[in-house]
Amino acid sequence: MRCLQCGDPHPSDLGRQRYSCRACGAVYRAVPSAPRPVAGDPLVPYLPARMIRWIRDHDDRSPLDRETLARWYKEFDALIAKARTDEAVRAHVEEISEIPLDDLPAKPPAFSKVCAALHATCYDLALAQGRLGPSAAERLAHVRAWLAGPGRPATWTAARPSEPPAREHVEALLPLPDTFEAAQVRTFFTALFGMERGPSLTGVLDRFGPEQVESALRAYLRDGSRPLRERVLADLDAG
């Protein structure tokens, strides 16, 4: 490497990619080479480029299931944390990351928390980001893409249907009460989505609003349809 000011080829390494010229005294930072492209890699929709490079460097061909993604995120987050105090690891991260290390979130949400926020909000990115904060935006987008694609079996839409609620119990939800008892929550979810667990009560109300929820409950009473469930599935199908 040559000095950026005088061209002397023997700089002193100051650490953190900073160098001092022994000839003229200039202090400068090495210009990192651009990380190799990952365009065309099948993981592109589901993971950031820096993680894809790291995975390919380890030749990890694990199936793209929930256990694998949870492990990848946990191990990569540990790598980023170590890079903040270990110069050798930092240099490696700077080789594979398209974003400077210091610009990466210091403590990104765990994969399980990202999934939980998406499940709770019916896979609405804006609402999920409101729960986790702006720094989670990239991770939310990638995990949602996975849930909409190869991770669909991990969504609550793929769960085994529950027993249908009694008609009188659904009728008792109209109009929506200010507070819900446990039995009413079960009726709410089974009438709207066909299962006892899945999104959160507040997530459904924030996503669709009380009027649309009440309309969907009336549709269920009228003909057994579940329009809100169909909307969630259509949104996932759209990617």
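This is a predicted model: local features need pLDDT of at least 70, side-chain atom pairs count only at pLDDT 80 or more; totals for chains, interfaces and linings use all residues.
Residues are numbered from 1 along each chain as its sequence is written, and side-chain values use heavy atoms, with hydrogens and water left out.

View 1. Helices here are DSSP runs of H or I with at least four residues, strands are E runs of at least two, and both are numbered from the N terminus. Buried means under 20% relative accessible area, exposed means over 50%, and partly exposed is in between (1.4 Å probe, protein chains only). The buried residues of H6 are Arg139, Leu140, His142, Val143, Arg144, Trp146, Leu147 and Ala148. A contact means heavy atoms within 4.5 Å. The cover over those buried residues includes helix H2 (66-83), helix H4 (111-120), helix H5 (125-132) and helix H10 (227-237).

**View 2. Helix H1 under cover.** Seven of the nine residues of H1 are buried, so this helix is mostly covered. The buried ones are Ala49, Arg50, Met51, Ile52, Arg53, Trp54 and Ile55, and they pack against H2, H3 and H6. Just after H1, Asp59 takes a positive phi of about 50°.

**View 3. The largest nonpolar core.** A nonpolar core is a set of buried Ala, Val, Leu, Ile, Met, Phe, Trp, Tyr and Cys residues joined through side-chain atoms within 4.5 Å. The largest one has 56 residues, and those with the most contacts inside it are Leu47, Phe188, Leu192, Phe193, Val204 and Val213. The elements giving two or more residues to this core are helix H1 (49-57), H2, helix H3 (87-96), H4, H6, helix H8 (182-193), H9 and H10. Zoom in on Leu47: leaving aside residues up to four places away in sequence, Leu47 touches Ile52, Ile55, Leu69, Trp72, Tyr73 and His142. In soluble globular proteins, nonpolar side chains tend to be buried together.

**View 4. Aromatic rings.** Rings of Phe, Tyr and Trp (its six-membered ring) pair if their centres lie within 6.5 Å; planes under 30 degrees apart count as stacked, over 60 as edge-to-face and the rest as tilted. By this rule there are seven aromatic pairs. One of them is Tyr123 with Trp156: the centres are 5.8 Å apart and the planes at 25°, so the pair is stacked. The pair links distant parts of the chain, with Tyr123 in the loop between H4 and H5 and Trp156 in the loop between H6 and H7, 33 residues apart. Both partners are tucked away: Tyr123 counts as buried at 2% relative accessibility, and Trp156 is buried at 6%. Elsewhere, ring pairs link Tyr73, Phe111 and Trp146 into a cluster.

View 5. Thr155 lies in the loop between H6 and helix H7 (167-171) and is buried, with a relative accessible area of 4%. A polar contact is a pair of N or O atoms within 3.5 Å; within protein, one must be able to donate a hydrogen and the other to accept it, and residues adjacent in sequence count only if both atoms are side-chain atoms. The Thr155 side chain reaches the backbone oxygen of Arg152 at 2.7 Å, and a polar contact of 2.7 Å joins the side chains of Thr155 and Thr157. Not counting residues up to four places away in sequence, Thr155 touches His119, Tyr123 and Leu147.

View 6. Cys115 is in no disulfide, and the nearest cysteine sulfur, that of Cys122, is 15 Å away. Cys115 counts as buried at 1% relative accessibility, and Cys21 is buried at 4%.

Definitions and conventions
A disulfide is a pair of cysteine sulfur atoms within 2.5 Å.
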